[in-house]
Structures are given as structure tokens and as C-alpha cells.
Amino acid sequence: MPWIDAPHEDEWDSDLSEMKDQVIDTTFNRVDWIMRIHALDAGSMDAHNVLYRQAMKGTKGLRKVDREMIAIVVSQANDCHY
């Protein structure tokens, strides 16, 4: 849990609410803290989401599934939910 006070996704204004479907973790039916912090600035949330999707996009050298597995291992090593 971060030290930054961020609004819960149920409290987001209309601009952010439109992005909610793109950033919600459907497994847990919630928005992760990192994205909630970005809710303080809608442009920041959008940029983070674009960067994440691009980083996770498969390439010739590393498939998306490989990137996801690396992310899981790193997150677990950092005791972080992924």
C-alpha cells in the first residue's frame, strides 16, 4: 500500500471512469494501487497504461507470455502483487 492518498475507483470523476475498464484487474475486480495513484492525474494514468501495454506486447525476441512470466517473478521477489 502506498503512502500517497489516492481516490478509490468508485470516487473517480467521469474522465477517469471511462479509463476504469482499461485498468481494472478483472481477476480481483479492483484497480491496482499503482493505477489508483495515477488517478491523481488522468494523463499520467493514460501514459502509464500505454507504456505498460507496449512493454508487454510480444516481439520477435520475447513473447508476451515470457514478459508476463518475468514480471511475475520480479513482482514476487519484490513481495508485490502482479
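Predicted model: local features only at pLDDT ≥ 70, side-chain atom pairs only at ≥ 80, totals over all residues.
Local features need pLDDT of at least 70 and side-chain atom pairs count only at pLDDT 80 or more, while totals for chains, interfaces and linings use all residues. Residues are numbered from 1 along each chain as its sequence is written, and side-chain values use heavy atoms, with hydrogens and water left out.

Q: In what order do the elements of the protein chain run from the N terminus on?
A: The protein chain has four helices and two strands. These are DSSP runs numbered from the N terminus, with helices being H or I of at least four residues and strands E of at least two. The order is α-β-β-α-α-α.

Q: What percentage of the 82 residues of the protein chain count as buried?
A: Buried means under 20% relative accessible area, exposed over 50%, and partly exposed in between, with a 1.4 Å probe and protein chains only. By this rule, the buried share of the 82 residues is 24%.

Q: What span does helix α3 reach from its first C-alpha to its last?
A: Helix α3 covers residues 42-56 and has 15 residues. The expected span of a helix is 1.5 Å times one less than its number of residues. The span of α3 is close to the expected 21 Å, and its value is 21 Å.

Q: Within what arc do the buried residues of α3 fall, seen down the axis?
A: The buried residues of α3 are Met45, Asn49 and Met56. The arc is taken from the directions from the helix axis to the C-beta atoms. These residues line one face of the helix, because they fall within an arc of 45°.

Q: Which exposed residues does the face of α3 turned away from its buried side carry?
A: The buried residues of α3 have cover that includes α1 (14-23), α2 (33-38) and α4 (64-77). The face turned away from the buried side carries the exposed residues Val50, Leu51 and Gln54.

Q: Which residues does asparagine 49 touch, not counting residues up to four places away in sequence?
A: Asparagine 49 is found in helix α3. Asparagine 49 counts as buried because its relative accessible area is 7%. Contact means heavy atoms within 4.5 Å. With residues up to four places away in sequence not counted, asparagine 49 touches Gln22, Val23 and Met35.

Q: At what distance from the ring centre of tryptophan 33 does arginine 36 lie?
A: A charge sits over a ring if NZ of Lys or CZ of Arg is within 6 Å of the ring centre and within 35 degrees of the ring normal. Arginine 30 lies over the face of phenylalanine 28, at 5.3 Å from the ring centre. Arginine 36 lies over the face of tryptophan 33, where the distance from the ring centre is 3.9 Å.
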